[in-house]
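Dear colleague,

I am handing over the model below, and I would be glad if you could read it alongside the notes that follow. Please keep in mind throughout that it is a predicted model.

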Amino acid sequence: MVFLKIVNMSITASWLILAVILARLLLKKAPKWIACLLWALVAARLVCPFTLESAFSLIPSREPIPANIAQEREPAVDSGIAALDEAINPVLSESFAPAVGDSANPLQIVIPVLTIVWCAGIVLLLSYALFSFLRLRKTVSACVPAGEGIFACDEVKTPFILGLFRPRVYVPSSMTGETLDVVIRHEKAHLRRRDHLWKPLGYLLLTVHWFNPLCWIAYLLLCRDIELACDEKVVRELNREETAAYSQAILDCSLPRKRIAACPLAFGEVGVKERVKGVLNYKKPAFWVILIAVVLCVVLAVCFLTNPQGGFTIDRADIEKVTYFNLFLGDDVRGELSPEEIDELVERFSAVDGAKRSGRYEGQTPGYQVCVFLKDGSFVYGNGYNTTGGMVEVVMKGKRYAVSDPEFADYLRRACSHRALTPYEWAELYTAAPFRRTYAVREILYEEKRSGGTSDIPLAAYFFSGSSKRLMIQEDLHSENWLDAGQLTETELTKDTFDRYFPPDGKSAAADLRRNNVKAWQVIVTDAPGALYYDPVFYYVLLQKDGEVCLTRGHYDIAEKDDPHSDDTRISCVFLLEEKAIRIGEEIDMDALRAKYPDYFDLDTFKGLEVYVWQLAPDSWSCGVMPGTNRNKTLEELMNLKGASIAEMRAILSTYEIDEEDIFIIPWQNPISSYLGDYWVRQEGEDPDETVKRRQEYVDRIRALLLDDGQSGE
């Protein structure tokens with residue numbers, strides 16, 4: 001946590017470092033102490049873990065690397081620059097997304113390793129500084145006093161200051177006369193400016209942020225600017241002859257730069273050419289130049305020492321009205337917020353913490369929403385996508401922001417329901433979840449490890465019928481064929497009915513799923529084509545406390561019913577699902593559809609509509625529609641029906657304003673089809689009631705395909 005915090009501080013400070021580098025170029029005629037002041041701003045940014053928020057902040061993101069990135073299923077950074085995020089995040093997600101069955105996310109291993117490397121770098125740089133200090137102490141051990149706080153030493157090549165609390169100036173024994181005088185002036189100027197403290201402090205910050213190349217550049221420029229500022233302070237008090245002697249002293253004491261130094265403050269260490277030019281060409285800065293430089297410092301402080309405001313600013317005077325709806329609680333749960341509630345909304349939006357640009361929920365329909373109508377005709381939305389507030393976003397100025405702030409999520413739920421609800425209350429109120437919705441696999445949470453590799457997992461779409469609670473499985477993601485897995489039965493998860501079906505490597509995943517489960521349903525597929533080899537396929541549908549929907553898939557040992565000791569039932573994989581509008585087939589062109597089936601439009605619905613369904617293959621349905629009557633249709637009428645696909649018939653039925661109960665689904669055995677469905681055949685010895693039930697189940701299946709929400713073509 002400390003390492004990630006330091007990295008984030010270093011990244012945000014990098015923007016200020018770049019700004020200071022640019023400002024130095026613009027302030028060449030300003031006093032040199034201004035540059036040192038700018039580096040002090042950088043130090044403040046590197047040191048302070050917390051800063052104020054400001055609307056003027058130019059920092060793109062307050063936390064580029066999320067603190068919980070190691071636990072994310074799809075790790076991503078939020079640099080605040082969309083183009084950069086779009087380039088980095090796909091690579092990051094692909095490289096560090098958790099693999100199925102692993103005990104830890106890759107970043108949970110990588111980040112601790114990087115932390116160790118970071119600590120090792122700090123130790124190495126501090127050790128180097130200590131070694132340099134001790135070596136210098138040894139070098140100047142044989143020295144003689146040459147004035148108050150001044151010591152001469154034969155081993156010294158260039159003057160420098162050594163010591164923090166009791167600093168001493170060391171000069172070469174050979175230095176005398178006017179050169180010695182100007183050098184001592186320079187070193188005493190350093191002491192008055194406390195440069196012997198600022199430079200080691202800069203090095204200390206460098207040891208913490210050593211992984212940032214911009215911090216190395218900043219430290220080198222700081223050392224250069226310290227010397228330039230000190231030169232300027234001395235030159236102001238020198239005449240022309242003394243200035244010439246001072247310049248010559250800089251040249252005489254210059255040393256080749258072989259390594260970066262934490263200490264000491266060496267007279268001829270850095271920027272010799274620039275310093276000589278600065279001394280010889282020194283002119284007192286004009287007042288307006290100083291004023292502009294100070295103003296620029298203030299501007300940089302305001303723009304780069306503050307973080308961007310975390311919330312979404314909405315001017316109360318710009319709001320015309322705010323409406324809300326909540327489909328989770330019912331179609332009639334909608335209304336308009338009062339003026340007092342709008343005041344709270346403005347405060348809540350401005351206080352949002354933990355929002356980042358994301359298109360994760362784009363294309364999904366919110367379960368609840370507040371819509372802010374602004375007087376300029378634009379809108380601001382607060383959207384919730386699950387029952388527990390774990391999936392919340394704000395849409396503002398055409399940009400989408402995923403919000404991880406739990407306080408805002410709780411407020412949004414309350415604003416859309418007019419009372420605060422616990423996750424369990426939401427799950428109880430949202431009794432339809434996850435039914436009447438279509439889901440696609442978002443992530444594989446668990447897959448059984450097998451010798452020779454993992455098993456082939458059929459990635460498909462899953463539709464949970466609302467009217468009959470049936471599980472429909474799309475044959476493939478580009479097909480119109482939906483396989484009926486059967487009716488889902490609510491069940492209770494226990495160690496005996498759930499955990500024991502997982503192989504040893506999946507026990508931990510099973511326990512987590514069970515502990516976080518709100519409701520569960522099960523179906524055993526006994527007759528789906530291709531669904532079994534030796535044992536039936538079976539599924540659990542799980543509604544979790546965080547509002548997520550999971551699906552488990554495995555093989556059921558049919559002998560378990562008669563043999564309680566049989567343990568061949570296995571759950572081989574767990575999917576995390578996300579709600580999606582699955583397009584069935586091609587997008588429907590209504591004009592072309594009307595031209596293709598003119599007899600199916602604008603029918604009289606006084607007695608309802610009769611939809612006739614026949615099959616030409618096990619998973620291929622054809623449909624025709626006629627107005628309802630009180631008589632059976634003739635064979636000639638039925639043979640004249642054109643066969644529309646399920647998707648086409650859904651589109652046709654959507655043009656009618658008619659209650660679902662007035663749409664009658666009628667199975668028909670088309671004489672031209674050689675396919676005879678099981679629902680037409682009465683099994684030997686079968687009870688007549690079972691036959692009726694089986695045929696009704698078929699009708700329910702077709703009704704789910706044609707009428708239930710979630711299978712729309714959009």
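Threonine 438 has phenylalanine 463 as its bridge partner in S16, and this pair belongs to the antiparallel pairing of S15 with strand S16 (residues 461-464), which extends over four bridges. Strand S23 (residues 570-579) is itself mostly covered, since eight of its 10 residues are buried.

These strands are part of an open, antiparallel sheet of nine strands, whose order is S18-S17-S16-S15-S23-S22-S21-S20-S19. At its edges stand strand S18 (482-487) and strand S19 (489-491), each of which has a single partner strand, so that one side of each is left without a neighbour in the sheet. From one strand to the next, the twist averages 30 degrees.

Two helices lie across parts of this sheet. Helix H14 (residues 507-515) lies across S15, strand S20 (517-525), strand S21 (537-544), S22 and S23, and it runs at about 120 degrees to S20. H18, for its part, lies across S16, strand S17 (470-474) and S18, running at about 60 degrees to S17.

Helix H18 (residues 688-707) also meets helix H17 (residues 646-653): their axes come within 8 Å and cross at roughly 65 degrees, and the two helices are therefore roughly perpendicular to each other. On the H17 side the contact is made by Ile646, Met649, Arg650 and Leu653, and on the H18 side by Ala704, Leu705, Leu706 and Leu707; by class, this amounts to seven nonpolar residues, no polar ones and one charged residue.

A further helix pair is formed by helix H11 (residues 339-350) and helix H12 (residues 406-417), which pack at an angle of about 160 degrees with their axes 11 Å apart, an arrangement that makes H11 roughly antiparallel to H12. Their crossing is left-handed. In the contact, Glu341, Glu344, Leu345, Arg348 and Phe349 of H11 meet Glu407, Phe408, Tyr411 and Arg414 of H12, and by class there are four nonpolar, no polar and five charged residues.

With best regards

Terms used. Residues are numbered from 1 along each chain as its sequence is written. This is a predicted model: local features need pLDDT of at least 70, side-chain atom pairs count only at pLDDT 80 or more; totals for chains, interfaces and linings use all residues. Side-chain values use heavy atoms; hydrogens and water are left out. Axes are lines fitted to C-alpha atoms, for helices over the stretch in contact, and angles run from 0 to 180 degrees between N-to-C directions. Angles under 35 degrees count as roughly parallel, over 145 as roughly antiparallel, 65 to 115 as roughly perpendicular and the rest as oblique. Contact means heavy atoms within 4.5 Å. Ala, Val, Leu, Ile, Met, Phe, Trp, Tyr, Cys and Pro count as nonpolar, Asp, Glu, Lys and Arg as charged, and the others, Gly among them, as polar. A crossing is left-handed if the near helix is turned anticlockwise from the far one by less than a right angle, and right-handed if clockwise. Buried means under 20% relative accessible area, exposed over 50%, partly exposed in between (1.4 Å probe, protein chains only). Two strands pair if DSSP finds at least two bridges between them.
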